[in-house]
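I opened this one to get my bearings before reading anything else. These are my notes, in the order I looked things up.

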Amino acid sequence: MSAQTYYVPEQSRFPIFMAVSLFLLVMGASSTINNLDNPDSNSSYILYAGLACLFTTMFFWFRQVIKEHLAGLDSNQLKTSYVYGMAWFIFSEVMFFAAFFGALFYVRSFAVPWLSGEGENGVGISAIGLWEGFESSWPVMTTPDKGAEYALAEKSMAWPGWGHALEWLPLWNTIVLLSSSVTVHFAHIGLKNGDRKKFNRFLGITVGLALIFVGLQAAEYYEAYVHYGLTLNSGIYGSTFFMLTGFHGFHVMMGGFMLAVMLARSVFAGHFEDHDHFGFEAASWYWHFVDVVWVMLFLFVYIL
Amino acid sequence: MSAVIENHHDDHHHGPAKGLTRWLYTTNHKDIGTLYLWFSFAMFLIGGAMALVIRAELFQPGMQIVEPEFYNQMITLHGLIMIFGGVMPAFVGLANWLVPMMIGAPDMALPRMNNLSFWILPFAFFILLSSLFMEGGAPNFGWTFYAPLSTTYAPPSVTFFIFSVHIMGASSIMGAINVVVTIMNMRAPGVTLMKMPLFVWSWLITAYLLIAVMPVLAGAVTMMLMDIHFGTSFFNAAGGGDPVLFQHIFWFFGHPEVYIMILPAFGIVSHIIETFSRKQLFGYSSMVWAMLSIAILSFVVWAHHMFTVGLPLAAELFFMWATMLIAVPTGVKVFNWVATMFKGSLTFETPMLFAIAFVVLFTIGGLSGLMLAIVPADFQYHDTYFVVAHFHYVLVPGAIFSIMAAVYYWIPKWSGNMYDERLGKLHFWLSFIGVNVTFFPQHFIGLAGMPRRYPDYALQFADWNMVSSVGAFLFGVSQILFLFIVLKTVMGGKKATDQVWEGARGLEWTVASPAPYHTFTTPPKVD
């Protein structure tokens, strides 16, 4: 295909299948959630059907894109479009996390102090006798209603001090995730130098570290729920803690899955060349993004 | 599959596929643009019908036609449908049709994702509308869905609403990524950034805003979902959260959203005024910089929607001044449009009538916005019909007039046929009168103190409400005429020339009318 001709793909069934899958997924999710108290409900089958359709469609859609690429149908322009598209997608993800970080900063800087009677706004709140005796602190261990509606946690996940640093899971998680960003970079260097063995080895290590991270995160949640009584229901600290780390963990799973797919493509199908491997690069960008989010989490959710 | 791949080189010599699958499987930006435009028109009629339910109820004081609960569902769905189903998809449809033609690209950058962005929408709105038939009724908390009305006191259908917003947002983000990538990567050689048509510029900025704020909306509805079903306390002070936090997050999305609905209109109107003034647009680069400034400012003005919730004084002052600052770039744009018309050889075809009405009436909406930006004044105006009048002035004779202007302006290029000028002018004058009769009196009843979102009102507001309702029905019925004109044009009529309008400039006017199914298979030459 010469540079002077544009690429226009033929018709495709994937988009409409994907739209139907999403429809099943969200209808199933909504009715499942609305029927959580109803053991006779079958809504979750719609949810599972939606998920199955979604994954199937995505599998065949990506397979098609890879086939077209290997057949040499992608113009340089289209390759650049994929690069830009991924970059803007990551930007949208940044903004998604920004909403939750914004909520965290707002409650820590404004809402919680006001509720305890601090500042111009707090004066009004205490003047009408709302939330009497509520002390502002972070993490909020005693909620303003003193646990009337919410279940109070005994312990938070915050920095335990140097004496207990080594038993503190978030520190290990940080080490694991930061290392995985380095190993994925080594894999990239290996690939660029045409060293497939190095690429496979380091990508494999990265996927392994991703699994370890998810495992540690699960252990942390288990500890929080079972030993600390820290749950989604423990007031604003639990809310922000689980939503931020939970969405991050979900993104780690997605990123780890993407990297695992790239590993499988390299090992079993011999995909990727030293000059042509944007599929892998996109996944590694995503991985670095997930890593940066973790650094922010570590600072603002755990340490400060 | 591989056979399909081998065949695909010949593909762009082919016309559209036959039958329904053309629309289901299409990757063609013109087909997808058409789908978007028809979908948005359908939503415009549904949302309009809901508006007429509201105006019928408000025709007289007292409860006449609907129950208050149903009235609340109507105001909620009217807002959501008009914004997310009417205005936004219409602009995406116009972007699909026009951006590739204007920059000399063969299609959108990511054509399959383009089709996905569209096909999510019918499902999303099916879910939203089906909530009308669910137990407890449709969402009834207003389109801004403030907590705790939308959390603690919401009907069960709120879960469906949340997920419908999620997939609408996914559709918008994908559509916006597609537009940004198309504009950044697919311009024909010679189409430099500062030579891009203003509609393309306006959409580049709009798409950036969409990618930046739709995820924030997703975050807001996710927190709602968690608060309602999974015990979190983001918006509940008893657990240390804050209902006002919802408003901050919502309006951080909501204010850029307002500009998402007006920036493409700025682009459209600039093209139309230039063409029918038969002059070069006055101040092209200042137009670009004005749009960029508006977009940047849109991120630091959100709390002007919340002056009465009890913000600290410093915040009120900051958001007041930041909001007033927006009047500067907006004023630059209005000045440039007027300066373009000054000493031009003006003719008043239908698109030009809509564009001039846009400039005048949007300015009225802008000025009432300036009044609302003033904190002490806003304490009086907040949540009255003055606010309703304000945002309907910027959205109906603003956004929607610009969409209609765009349809009249470009439909000869799309269909190959000229529309009926006499009917077009009739449609314009009916709409123009209808809009003003509907919304101008709402300034008066708002200043007199009538609150918004109530199905009943005090007797002193009766006269102007009646006038407003008459205007609403006039405006509503005249849109049937619009449908008729568009159908008539699509089916036949005087053949359009390639250039269509005497003063029209730009790549889209160099191709045949109707534009061929695949416009540019090789990059056009641009000086």
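Predicted model: local features only at pLDDT ≥ 70, side-chain atom pairs only at ≥ 80, totals over all residues.

First, a term I needed: a residue is buried if 20 or more other C-beta atoms lie within 10 Å of its own, exposed if 12 or fewer, and partly exposed in between, with C-beta atoms placed from the backbone. By that count, 37% of the 304 residues of chain A are buried.

Residues are numbered from 1 along each chain as its sequence is written, while chains are lettered from A and ligands numbered from 1 in the order in which they are written.

**Chain A, overall**

I looked up the secondary structure next. Helices (H or I, at least four residues) and strands (E, at least two) are DSSP runs, numbered from the N terminus. Chain A has 8 helices and 0 strands, so I wrote its pattern along the sequence as α-α-α-α-α-α-α-α. I also took down the span of its C-alpha trace along the principal axes, about 75 × 50 × 40 Å.

For contacts, I used this rule: two residues touch if their C-beta atoms, placed from the backbone, lie within 7 Å. In chain A, 68% of the contacts with a separation of 6 or more are between residues 24 or more positions apart.

Then I checked the domains, whose bounds come from an automatic or database domain assignment. Chain A splits into domain 1 (9-73) and domain 2 (74-303). Taken over C-alpha atoms, the centres of these two domains of chain A are 26 Å apart.

**A loop in chain A**

A reminder to myself: most residues other than glycine have a negative phi, and most peptide bonds are trans. The bond joining A:Trp138 and A:Pro139 is cis, with omega about 0°.

A:Trp131 lies in the loop between H4 and H5 of chain A, and has a positive phi of about 55° without being a glycine. Is A:Trp131 buried or exposed? I found 20 other C-beta atoms within 10 Å of A:Trp131, so it counts as buried.

A:Lys146 is in the loop between H4 and H5 of chain A as well. Its phi is positive, near 55°, and it is not a glycine. A:Lys146 has 14 C-beta neighbours inside 10 Å and therefore counts as partly exposed.

**Where chain B meets chain A**

How many residues of chain B are in contact with chain A? I got 68 residues of chain B against 64 residues of chain A. On the chain B side, the helices that each supply at least two residues include H1 (2-7), H5 (111-130) and H7 (198-229). H6(B) gives the most, with 12 residues.

I sorted residues by class: Ala, Val, Leu, Ile, Met, Phe, Trp, Tyr, Cys and Pro are nonpolar, Asp, Glu, Lys and Arg are charged, and the others, Gly among them, are polar. The side of chain B that touches chain A has 42 nonpolar, 22 polar and 4 charged residues.

**Inside chain B**

Chain B divides into domain 1 (23-244) and domain 2 (262-518). Their centres, over C-alpha atoms, are 19 Å apart. The contact takes 40 residues from domain 1 of chain B and 43 from domain 2 of chain B. On the domain 1 side, H4(B) gives the most, with 11 residues. That side divides into 29 nonpolar, 8 polar and 3 charged residues.

I also looked at one helix pair. The axes of H15 (residues 385-415) and H16 (residues 421-447) of chain B come within 7 Å and cross at roughly 165°. Axes here are lines fitted to C-alpha atoms, for helices over the stretch in contact, and angles run from 0 to 180 degrees between N-to-C directions. H15(B) and H16(B) are therefore roughly antiparallel (the label for angles over 145 degrees; under 35 is roughly parallel, 65 to 115 roughly perpendicular, and the rest oblique). The contact residues of H15(B) with H16(B) divide into 13 nonpolar, 5 polar and no charged.

Last entry: the peptide bond from B:Ser513 to B:Pro514 is cis, with omega near -5°. B:Pro514 lies in the segment after helix H17 (462-491) of chain B.
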